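This report describes a disulfide and a nonpolar core. Please keep the sequence and the structure in view while reading.

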Amino acid sequence: MKTLYLLPLMFFLYFFTACSSNADEANGQENLILKENQILNIEKISINGKIYDAKSAESKPNINFGVDKFYGYSGCNRFFGSYQKNSKSVNIEDQSVASTQMLCHPLEVMEFEHLFLTNLQGNFKISYENDKLILDNGTMKIFFE
């Protein structure tokens, strides 16, 4: 008789333990997916280990990945282009990035923008550090807020 009561209890515990384990795995997988149509504010970039930021810009630099297209603001000018992605990387072809051509002050903003747009090409690995998105193509790392 005790066995009849224990069997449903064991099934119940096994079922909920398995579900919570799968949910945790799914959440970890979801973090590697770059969400579409979400404005991502750029905190800083690192090029060959040197850190650059655009704190002097009027608005925060950002990027938005749509369906096969991206656009954003680089501190002074707007930019746009096309890309391909999978769950672990984003590929931006060399000739696919274009931007407006305004001159801005202060000079640090123009330097940030030039370095950012010049290196916004290649295969960017998607990763997370301290729950913050990072795109890394080997030359430039883009750190998002």
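In this predicted model, Cys104 is buried, because its relative accessible area of 16% is under 20%. Cys76 is likewise buried, with a relative accessible area of 5%.

| Residue | Relative accessible area | State |
|---|---|---|
| Cys76 | 5% | buried |
| Cys104 | 16% | buried |

A disulfide joins Cys76 to Cys104, with an S to S distance of 1.5 Å. The count for the model is 1 disulfide. What is the handedness of the disulfide between Cys76 and Cys104? The torsion about its S-S bond is about 70 degrees, so the disulfide is right-handed. Cys76 lies in the loop between β4 (69-73) and β5 (78-82), while Cys104 lies in the loop between β8 (98-99) and α2 (107-118); the pair therefore ties together parts that are 28 residues apart in sequence.

The second topic is the nonpolar core. The largest nonpolar core has 31 residues, and those with the most contacts inside it are Ile45, Phe65, Phe116, Leu120 and Ile142. Two or more residues of this core come from each of β1 (39-47), β3 (62-65), β7 (89-92), α2, β9 (122-129), β10 (132-136) and β11 (140-144). Which element gives the largest share of this core? The answer is α2, with 6 residues.

Leaving aside residues up to four places away in sequence, Phe65 touches Leu34, Lys35, Glu36, Asn37, Gln38, Leu40, Phe70, Tyr83, Val90 and Leu135.

Note on methods:
Residues numbered from 1 in each chain as written. Predicted model: local features only at pLDDT ≥ 70, side-chain atom pairs only at ≥ 80, totals over all residues. Heavy atoms only, no water. Disulfide = S-S within 2.5 Å. Helix = DSSP H or I, 4+ residues; strand = E, 2+ residues; numbered from the N terminus. Buried < 20%, exposed > 50% of the residue type's maximum accessible area, 1.4 Å probe, protein only. Core = buried A, V, L, I, M, F, W, Y, C linked by side-chain atoms within 4.5 Å. Contact = heavy atoms within 4.5 Å.
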